[in-house]
Amino acid sequence: MEYIETLGISAKNAAPILADCGTNIKNRALSEIAKRLRESVDGIIAANRLDIENAKKSGMAAAMVDRLTLDVKRIAGIAEGVEQIVSLPDPIGEVIGGGELPSGLRVVQKRVPMGVIGIIFESRPNVTVDAAALCFKAGSAVILRGGSDAINSNKFLVSLMRGALAECGVPEDCIQLVEDTSRDTATAMMRLNRYIDLLIPRGSGRLIRSVIENATVPVIQTGEGNCHVYIDESADIEMAVDIVDNAKTQRPSVCNAIESILVHESIANEFFTKLNERWHGKVAVVGDEKTAENIEVEKLADDNDYATEFLDYRLSSKVVKSVDEAIEHINRFGTGHSECIVTKSLENAQKFQRRVDAAAVYVNASTRFTDGFEFGLGAEIGISTQKLHARGPMGLKALTSYKYLIDGNGQIRE
């Protein structure tokens, strides 16, 4: 029997027990996880330090090392995310439809756990806890497959969580980690139809495409974020610079950071002058000829640049003639994640929000807010960029299914 199949069997066996656990039991286990996270900061950082050292030796880019890094503040944030999940209403058992039929049958549509959820992700060890906690509260067992670069952090965190479950009388196998990070185990997990009900990839575009191309398990596409800010002709320039700076530089390695700006030609000179004063070359820019007339560019941009998720201090830029041209560009090159317009025009703001095809469309605010925690959903499982079942930050309800419960008194169909 393959290693990955043994994990699938264990998860499948644990799932019905978890599905039968009440809210109090789940919340007690999650509270214990949060408590252990706060008490184990030194151990978590020590395990994480091994991953960071290995990443630096392998030449990992600084922005990606940042994604990998855990510190006191980030660990506290992870624990707070778990505690917020505890405070959220339990979706399981919610009645979402139904009624009495002419036949006398009473039909109730209830929200139920998905069963077993698989998560394939890269680098960011906070995902290990976020994903496990959300799946657990939503009543599903989870199999976590992180990248090799975070394996020491992930082993420590999963061991901590499994210990918390055991302490609370819940099967440890509700949360499992794939410790073999080879490509073969990832592929095997993508095809584990008999045991995994839903697969969610979180990471680079390459990872997501690999899962979509290879998986036979149903997949929710998440994560890839080629996000834009369009600075309209009526924009407040200082506001535009603040938003672009925050959306690009506050944490460039995450999926809701922007990768491209579109600037109306009538305010291009003023905007780029102010942006240059803010950045002083901090961010490398690739852009069209009109961009190059206003700010130093690394090279002239082509379609590949406009389609690239840099995840670094790099940005593509284009000067446009109208909001319509900006919308057309975004719908061509965007990944359906998060898009923003900076404008004083209500008409252009409403047009942008109607016509831009993305999960989150902002007016006059940074795209960095596209996040389950910021949206009040608790720690998120991912940000869905597709339209079926779930879209945008995925909280608890996005991780559930439903069933019909039918009560009768002997009815037969004629």
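This is a predicted model: local features need pLDDT of at least 70, side-chain atom pairs count only at pLDDT 80 or more; totals for chains, interfaces and linings use all residues.
Helix 3 covers residues 41-57 and contains 17 residues. From its first C-alpha to its last it reaches 24 Å. That span is close to the 24 Å expected at 1.5 Å a residue.

The buried set of helix 3 comprises V41, I44, I45, A47, N48, D51, I52 and A55. Viewed down the helix axis, these buried residues fall within an arc of 165 degrees, so they line one face of helix 3. An α-helix has 3.6 residues a turn, so residues three or four places apart point the same way. On the other side of helix 3, D42 and K57 are exposed.

After helix 3 comes G59. The phi of G59 is positive, near 85 degrees.

The relative accessibility of L207 is 14%. Buried means under 20%, so L207 counts as buried at its 14%. Leaving aside residues up to four places away in sequence, L207 touches I120, F121, E122 and R202. V219 lies 12 residues from L207 along the chain. The C-alpha atoms of L207 and V219 are separated by 13 Å.

Conventions: Residues are numbered from 1 along each chain as its sequence is written. Side-chain values use heavy atoms; hydrogens and water are left out. Helices (H or I, at least four residues) and strands (E, at least two) are DSSP runs, numbered from the N terminus. The expected span of a helix is 1.5 Å times one less than its number of residues. Buried means under 20% relative accessible area, exposed over 50%, partly exposed in between (1.4 Å probe, protein chains only). The arc is that of the directions from the helix axis to the C-beta atoms. Contact means heavy atoms within 4.5 Å.
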